[in-house]
Amino acid sequence: MSVRVRRVYEPPESEDGVRVLVDRLWPRGLAKDEARVDEWPKEITPSTELRRWYHAGEGSQEEFARRYEAELAEPEAAELLEYVRELADKGTVTLVTASKNLESGHATVLARLLQS
């Protein structure tokens, strides 16, 4: 299984495989044909409330990850998470996000869960 995390603003690469946008909102200033997004399962993105809480600096990365994992355990999100996991079982999946900090963002949490 191969799951990568990249910024959606970086040019697509042939090694990306299936490109999955993991942001709730479409990235600003980016045309859909430039992004080359194959899937956009909004239900596996952090809720608006969680996203706002985290970006307001009210909690730690660990607490954010715990809350996000709880959201991903909800039935609709869990079903989509399993779908993306199945895509990764067949080939490379690249999670793309507009987030500037990939190491502490939700895409990294999602990638870890997909690979477990």
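Which residues do ring pairs link into a cluster? Select Tyr 54, Phe 64 and Tyr 68: ring pairs join them into a cluster. Rings of Phe, Tyr and Trp (its six-membered ring) pair if their centres lie within 6.5 Å; planes under 30 degrees apart are stacked, over 60 edge-to-face, and the rest tilted.

Before moving on, note that this is a predicted model, where local features need pLDDT of at least 70, side-chain atom pairs count only at pLDDT 80 or more, and totals for chains, interfaces and linings use all residues. Residues are numbered from 1 along each chain as its sequence is written, and side-chain values use heavy atoms, leaving out hydrogens and water.

**Stop 1: Phe 64 and Tyr 68**

Keep Phe 64 and Tyr 68 selected. Their rings are stacked, 5.8 Å centre to centre, with 25 degrees between the planes. Both residues sit in helix α3 (residues 61-72), four residues apart, so about one helical turn separates them. Helices (H or I, at least four residues) and strands (E, at least two) are DSSP runs, numbered from the N terminus. Phe 64 and Tyr 68 are both buried. Buried means under 20% relative accessible area, exposed over 50%, and partly exposed in between (1.4 Å probe, protein chains only).

**Stop 2**

The whole structure holds three aromatic pairs. Select Trp 26 and Trp 40. Their ring centres are 5.3 Å apart and their planes stand at 70 degrees, so this pair is edge-to-face. The pair links distant parts of the chain, 14 residues apart. Trp 26 is in the loop between β2 (18-21) and α1 (32-35), while Trp 40 is in the loop between α1 and α2 (48-55). Trp 26 is partly exposed at 23% relative accessibility. Trp 40 is partly exposed too, at 27%.

**Stop 3: charges over rings**

The test is NZ of Lys or CZ of Arg within 6 Å of the ring centre and within 35 degrees of the ring normal. Now select Arg 67 and Trp 53: Arg 67 lies over the face of Trp 53, 4.0 Å from the ring centre.

**Stop 4: helix α4**

Select residues 75-90, helix α4. Its buried residues are Ala 77, Leu 81, Val 84, Arg 85, Leu 87 and Ala 88.

Key:
The expected span of a helix is 1.5 Å times one less than its number of residues.
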